[in-house]
Amino acid sequence: MKALVSIAITICLSSNIFSQINFSAESKKYIEYNDPVTVFKNVLLIDGKGSAAKPHQTVIIRNGKIEWIGDDAKATTPPDGKIIDLNGKALMPGLVMMHEHLYISAFSLDPFYLNVRQLPLSFPRLYFAAGATTIRTTGSVEPYSDLRIKKDIDLGLFPGPSIDLTAPYIEGKNAMFPQMKENKTPEEAAAFVNYWADQGFTSFKAYMGVDKPTLKAAIDAAHKRKLKITGHLCAVTYAEAAELGMDSLEHGFGASTDFVAGKKENECPAGPSASGSLGELDLQSDRAKQLIQRLVDKKVVIDSTLAVFEGVASDEAVAAMSPDTKDSYSKISAMMKAAKPPGEDKAFAKMAKMEKMFSDMGGLLTVGTDPTGIGGTLAGYGSWRAIELLVEAGGFTPLEAIKIATLNGAMALDLDKKIGTIEVGKSADLLIIDGDPSKNISDIKKIQYVFRNGVGYNSKKLFDSVKGKVGFN
Ligand SMILES: [Zn+2]
C-alpha cells in the first residue's frame with residue numbers, strides 16, 4: 001500500500017515537471033525552473049554561431065529540447081508553457097569548456113613538492129554556476145572520484161555540468177606529479193589507455209614526458225576505441241604530434257617546444273620553459289606560420305588556457321577560497337611576482353596572438369580554464385577570465401569569444417549536433433545573462449540562470465553555497 005501511494009505521488013509529481021531525473025533535496029535547492037514547456041520571451045538572442053545578437057526574440061523549449069525560435073511578434077505561446085519574460089536580457093548557449101580539472105594545485109613550498117587536491121563538490125558546482133553546461137576534465141588524478149562525480153551529477157544528486165571524463169594522464173618518464181603513472185614503453189601506454197577506457201573514461205590526455213613511440217601507441221589505442229586524445233606535451237613538439245595524429249593540444253602554443261633552440265628529440269628541454277622561446281619568436285616568420293598551417297592542415301584543435309598563464313585570482317575568487325587555499329595562493333603569488341622572469345609578458349602576448357592567427361588561418365580554437373598553476377585560477381571564476389582574455393589579449397570580438405566557448409567546444413567533442421548553439425532540436429542548455437556579452441564580454445559574469453536540459457538553476461545560489469570553502473572539498 002505504502003508503495004502504491006509513493007508511486008501515485010511520483011506520477012502526480014511527474015505530471016507538472018518534465019525531467020525524468022529524480023533530483024535530490026540538495027539539487028532542488030538551486031532549481032527554480034523545471035517545466036515541460038518553457039517560453040522565453042523578449043530575449044536578446046546570442047546564438048553561439050557568431051551572428052549578431054538579435055533583440056525581441058522568443059525561444060520555446062519542450063522536454064529539454066529547443067523547439068522554436070523566432071520574433072516575439074510571430075510566436076504562438078503554447079497553452080501549457082511556463083512564460084519567462086527576459087525583459088531584454090541575453091539568452092546564450094551554455095558554455096562548453098575544455099580544460100576543467102576536478103582538482104586544484106596544492107603543492108608544498110618547503111620542502112618543494114608538487115601535489116594537487118581533488119575538489120569533488122565545489123569545482124563541478126563552480127563550473128556550472130559560471131555557465132558551463134558541458135566540460136571536459138582533461139586529465140584525472142583521482143579517477144574513481146571523477147567517475148563518481150559524473151554519476152552523481154547525472155543521477156541528479158548534485159547540480160553540475162555534463163562531463164566528458166578524461167582518464168588519468170598518460171605520462172612517460174620523469175613524472176612531475178606523484179599521482180601520475182610513468183608509462184615506460186609503448187605497450188604499457190596502450191594497455192593504460194585500454195584499462196581506463198574500460199573503466200568508463202571517454203577521452204585521454206598525454207603529458208610532458210611522453211616520447212614519440214609512447215605517444216603514438218596511446219593515440220592509436222584511443223582512436224581504435226573511437227576516443228579522442230589531447231596533450232600537454234613537452235618532449236614531443238607540436239609539429240611531431242600533428243604528424244602522429246593528435247586530436248588536440250592544450251595551453252594554446254604555451255606548451256610548444258618547436259622553437260626551443262637545441263631541443264633534443266624525445267626530450268623535454270630543461271631550463272627556461274617552452275613559453276620563453278615564444279617571447280623571442282617572430283610571429284610573421286615563415287617557421288611560425290608554417291607550424292600554425294601544419295596544425296590547421298592536420299585538423300589539430302588548439303585549446304586556449306590564457307587564465308592559468310595570467311594566474312591572477314579576482315577578488316570574488318579570493319573570497320570563494322577556503323582559508324588554507326587563500327593563504328597558499330597569496331604566498332605563492334607574492335613569491336612569483338618577485339621572481340618574475342623577464343620576457344614573460346612578451347611571451348604571454350605572443351601566445352595570445354598565435355591563437356588568433358591559428359583561428360584566422362582556419363584552425364578550430366577552443367577554450368578551457370585549467371584551474372592549476374599557482375592556485376589563483378579557480379573553476380568558474382577562472383573560466384570567465386579565460387574567455388575574457390580571448391578578447392583582451394587575443395584580439396577576438398566578444399561574439400567570436402562566445403563562439404569559441406560554445407560551438408567550437410561542441411565541435412571539438414563531436415557534440416555539435418546536440419549542443420553548442422541555440423538552434424531548434426538542440427538541448428536546452430541555455431544561460432540567462434543580465435547584460436549583453438556580445439558587446440562587453442565581461443557581462444558573462446552577470447549570469448542569473450543556467451539551464452541544463454531545460455532545467456533552470458540559480459547561479460548566485462550555487463556560487464554562494466561554496467563561498468569560503470573552495471579548496472577544502
Ligand atoms: Zn591540465
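**Notebook: helix pairs and strand pairing**

I began with helices α5 and α6, whose crossing is right-handed. The model I am reading is a predicted one.

**Entry 1: α5 and α6.** I looked up the extent of both helices: α5 covers residues 186–199 and α6 covers residues 212–224. Their axes come within 8 Å and cross at roughly 30°. Angles under 35 degrees count as roughly parallel, so α5 is roughly parallel to α6. I then listed the residues in contact. From α5 I noted Pro186, Ala189, Ala190, Val193 and Asn194. On the α6 side they meet Pro213, Thr214, Lys216, Ala217, Ala218, Ala221 and Ala222. By class, I recorded nine nonpolar residues, two polar and one charged in this contact.

**Entry 2: α14 and α15.** I turned next to helix α14 (residues 381–392) and helix α15 (residues 398–412). The axes of α14 and α15 come within 9 Å, and the crossing angle is roughly 140°. The crossing of α14 past α15 is right-handed. In α14, the contact residues are Ile387, Leu390 and Val391; in α15, they are Pro398, Ala401, Ile404 and Ala405. I classed the residues of this contact as seven nonpolar, with no polar and no charged residues.

**Entry 3: the partners of β2.** Which strand runs antiparallel to β2 (residues 37–45), and over how many bridges? I found strand β3 (residues 54–62), joined to β2 by six bridges. Within this pairing, Phe40 stands opposite Val59 of β3. I also followed β2 to strand β5 (residues 82–85), where the pairing is parallel over four bridges. Lys41 has Asp85 in β5 as its bridge partner. Strand β6 (residues 90–93) runs parallel to β2 as well, and two bridges join them. For Leu45, the bridge partner in β6 is Leu91.

**Entry 4: the open sheet β16-β17-β18.** I recorded an open sheet of three strands in the order β16-β17-β18, with parallel pairing. Which strands form its edges? They are β16 (248–249) and β18 (365–367), each of which pairs on one side only.

Key. Residues are numbered from 1 along each chain as its sequence is written. This is a predicted model: local features need pLDDT of at least 70, side-chain atom pairs count only at pLDDT 80 or more; totals for chains, interfaces and linings use all residues. Axes are lines fitted to C-alpha atoms, for helices over the stretch in contact, and angles run from 0 to 180 degrees between N-to-C directions. A crossing is left-handed if the near helix is turned anticlockwise from the far one by less than a right angle, and right-handed if clockwise. Two residues are in contact if their C-beta atoms, placed from the backbone, lie within 7 Å. Ala, Val, Leu, Ile, Met, Phe, Trp, Tyr, Cys and Pro count as nonpolar, Asp, Glu, Lys and Arg as charged, and the others, Gly among them, as polar. Two strands pair if DSSP finds at least two bridges between them. Angles under 35 degrees count as roughly parallel, over 145 as roughly antiparallel, 65 to 115 as roughly perpendicular and the rest as oblique.
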